[in-house]
Amino acid sequence: MKILITGAAGFLGSHLCDYLLYHGHEVVGMDNFVTGSPDNLSHLDRNPKFHFIKHDVSEYITVQGKLDYVLHFASPASPNPTSQYGYPNLPIQTMKAGALGTHNSLGVARAQNAKFLLASTSEIYGDPLEHPQKESYWGHVDPVGLRSVYDEAKRFAEALTMAYHRTHNIDTRIARIFNTYGPRMRLDDGRVVPNFINQAMNHEPLTIYGDGKQTRSFCYVSDLIDGIYKLMLSDEHMPVNLGNASEINILDFAVKINTLIENSAGIVFKENMFVGHDPQVRQPDITRAREILGWTPQVGLDDGLKRTVDYFLKMSR
């Protein structure tokens, strides 16, 4: 099959390119490098089945030749306002990627009679009042807070995807992706996993915003990409949660990182930058993914973190 991936130079997009090429498909990658990195795709330069288009998805998209799938992954994803890659510092670009980018990507799928998959997010649940979060939960989202540019862009993207499915009969999929980590994350993107690893590698105290009691669940990237592929090949049109259901609080997670990297600098606590907005719990109910896709994560947190840390240590040498 021939597959267009927007956001191809990003963390998830680049791994998805590798996975699809490994399975024999032809891939057209698209990115404008606002948060993605050319380095994530440099190993594919001589692959005859990979083609790259530098383009902003908020502008009209054209692709030569017949497409079988369009996978829309283009968007900033870090919530950290101290990072240049965080969506609080890229608010307009984030809204455009979720709104105009989704519209343009769906337009390509419609014109090509291609199937479409939207990379949505657990952030559509906001600071949830339901725990763990099922796909049937409508969410608890602040429409004007610092996170709203990402949360509402993705909620709009889901609504638009279903509108195209119902109105134009586009064959669509929606993946609600929970926290994912692994090689090729930017160490400076401000998200908790690369932030902790970066600080620990530099023998600095790990910074926790708030009291550290907020919880997250972390899915290793190879598991997530496998779930995306299974969803892509399925006939499911309604949203499906993809993530690891194992939950850990941020304080325990920081201790785990310090132990793994043998960082004795400890931990410091700072005022939460997202007071009133930072989700206090985040755990997917993946019942539908198990039942519909036959998918469950296989890589445990300790194993996944070791692989990730080894990657960053190798890159720093």
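Modeller: Helices (H or I, at least four residues) and strands (E, at least two) are DSSP runs, numbered from the N terminus. This is a predicted model: local features need pLDDT of at least 70, side-chain atom pairs count only at pLDDT 80 or more, and totals for chains, interfaces and linings use all residues. Residues are numbered from 1 along each chain as its sequence is written, and side-chain values use heavy atoms, with hydrogens and water left out.

Biologist: How many residues apart in helix α9 are Asp310 and Lys306?

Modeller: The two side chains form a salt bridge (a side-chain nitrogen of Lys or Arg within 4 Å of a carboxyl oxygen of Asp or Glu), with the closest N and O atoms of Asp310 and Lys306 2.9 Å apart. Helix α9 spans residues 301–316, and about one helical turn separates Asp310 from Lys306 because their spacing is four residues.

Biologist: Which parts does the pair Lys115 and Asp171 tie together?

Modeller: Their side chains meet in a salt bridge, N to O 4.0 Å. The partners are 56 residues apart in sequence, so the pair links strand β5 (residues 115–121) to the loop between α4 (148–168) and β6 (172–177).

Biologist: Is Arg173 buried or exposed?

Modeller: Arg173 also bridges Asp171, at 2.6 Å from N to O. Buried means under 20% relative accessible area, exposed over 50%, and partly exposed in between (1.4 Å probe, protein chains only). Arg173 has 0%, so Arg173 is buried.

Biologist: How many disulfides does the structure hold?

Modeller: A disulfide needs a pair of cysteine sulfur atoms within 2.5 Å. The sulfur of Cys17 is 18 Å from the closest cysteine sulfur, in Cys219, so the gap is too far for a bond. The number of disulfides is zero.
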